[in-house]
Amino acid sequence: MMKFIADRMLGKLAKGLRMLGYDTLYYRGEDPHQIIHLARQEGRVILTRNTKLVPKRASDRIIRVSQDNPFLQLKELFQKGHLSLNDENLFSRCLLCNALIEEIPREEAEGKVPDFIFYQQKRFFRCPQCRRIYWQGSHPGNMQRRLEELLHSS
Ligand SMILES: [Zn+2]
């Protein structure tokens, strides 16, 4: 699976990629040398909307995203063949820190999620970094639905 680093204009795209299970860093800085350096260090592909950001070496990989809307950006990456989608990786990462989330015993979620969610859901997951708890449907609804549509249309 490709690893990405998204520039500061693509924060929502970064979250969308994390929802799909892609290891994606979000670079908030503005230094083009630094983003290229970070990408090289970890073998990441740069995602940007900045037309001035160009590869410095043959091995630098930069994908320029042309769409404005984060969902359409995902679709664009998918249609250009940069993404492969599969259910297994879907919702495997924390949207905030990019860490892989881990399943926890159901009892551990009690009191930490709204009661009705606790009674409704069988499985809970936790981010090892920020401790945020996830469950089926805890991801932002609209994006989740649209990603699932995209997934099942392919
Ligand atoms: Zn987290």
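Strand 3 (residues 45-48) and strand 4 (residues 62-64) run parallel and are joined by 3 bridges. Strand 3 also pairs in parallel with strand 1 (residues 4-6), again through 3 bridges. The model is predicted.

**Strand pairing**
- Leucine 47 has isoleucine 63 as its bridge partner in strand 4.
- Leucine 47 of strand 3 is also the bridge partner of alanine 6.

**Nonpolar core**
- The largest nonpolar core holds 25 residues, and those touching the most other members are Ile5, Ala6, Leu13 and Leu47.
- At least two residues of this core come from each of strand 1, helix 1 (11-19), helix 2 (32-42), strand 3 and helix 3 (70-79).
- Helix 1 gives the largest share of the core, with 4 residues.
- In soluble globular proteins, nonpolar side chains tend to be buried together.

**Contacts of leucine 13**
- Leaving out residues up to four places away in sequence, leucine 13 touches Ala6, Leu47, Val65, Pro70, Gln73 and Leu74.
- Among these contacts, Ala6 and Leu47 are bridge partners of each other.

Key. Residues are numbered from 1 along each chain as its sequence is written. This is a predicted model: local features need pLDDT of at least 70, side-chain atom pairs count only at pLDDT 80 or more; totals for chains, interfaces and linings use all residues. Two strands pair if DSSP finds at least two bridges between them. A nonpolar core is a set of buried Ala, Val, Leu, Ile, Met, Phe, Trp, Tyr and Cys residues joined through C-beta atoms within 7 Å. A residue is buried if 20 or more other C-beta atoms lie within 10 Å of its own, exposed if 12 or fewer, and partly exposed in between; C-beta atoms are placed from the backbone. Two residues are in contact if their C-beta atoms, placed from the backbone, lie within 7 Å.
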